[in-house]
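Hello,

Here is the structure I promised to pass on to you. Please have a look at it first, and then read my notes below.

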Amino acid sequence: MAKRRTPRPVVDATPTGQAVMHIDGALLSRGERGTWRIDLTVRAADGDRSLQIPIGKHRAIDRLAWELRRSDNPS
């Protein structure tokens, strides 16, 4: 028989007391104007919760996306 894991709390704390939120799904998406957004999904006891956070333009994310796309399609 498989062991059932005890569900972890959604909001936890570090040893120093800083809040930590366990995120089940995170997605970075780039809009038409080149601005980035973070889409978060958190699985809570009373159902899934979602949040979208616009974070603006970020060259580092653009560069990472370009590098990942390039490594997925070697020429």
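The structure holds four salt bridges, a salt bridge being a side-chain nitrogen of Lys or Arg within 4 Å of a carboxyl oxygen of Asp or Glu. Before I go through some of them, please keep in mind that this is a predicted model, in which local features need pLDDT of at least 70 and side-chain atom pairs count only at pLDDT 80 or more, while totals for chains, interfaces and linings use all residues. Residues are numbered from 1 along each chain as its sequence is written, and side-chain values use heavy atoms, with hydrogens and water left out.

**Salt bridges**

One of them joins aspartate 62 and arginine 30, with the closest N and O atoms 3.3 Å apart. This pair links distant parts of the chain, since aspartate 62 sits in helix α1 and arginine 30 in strand β3, 32 residues apart. Helices (H or I, at least four residues) and strands (E, at least two) are DSSP runs, numbered from the N terminus. Aspartate 62 is partly exposed, at 25% relative accessibility; on this scale buried means under 20% relative accessible area, exposed over 50%, and partly exposed in between (1.4 Å probe, protein chains only).

Another salt bridge runs between arginine 49 and aspartate 46, whose closest N and O atoms are 2.7 Å apart. Here arginine 49 is partly exposed at 48%, whereas aspartate 46 counts as exposed at 58%.

Arginine 37 and aspartate 39 also form a salt bridge, at 3.1 Å between the closest N and O atoms. Arginine 37 is partly exposed, with a relative accessible area of 34%.

**Aspartate 39**

Leaving aside residues up to four places away in sequence, aspartate 39 touches Gly25, Ala26, Leu27, Ser29, Leu51 and Gln52, where contact means heavy atoms within 4.5 Å.

**The sheet around it**

Which strands make up the open sheet, and in what order? Three strands form it, in the order β3-β4-β5, with antiparallel pairing. The edge strands, β3 (25-30) and β5 (47-56), each pair on one side only. Two strands pair if DSSP finds at least two bridges between them, and β3 and β4 have six bridges. Among the bridge partners in β4, aspartate 39 faces leucine 27 and tryptophan 36 goes with arginine 30. The hairpin of β3 and β4 has five residues between the strands, and glycine 34 takes a positive phi near 85° there.

Finally, helix α1 (residues 59-72) lies across β3, β4 and β5, running at about 80° to β4. For such angles, axes are lines fitted to C-alpha atoms, for helices over the stretch in contact, and angles run from 0 to 180 degrees between N-to-C directions.

Best wishes
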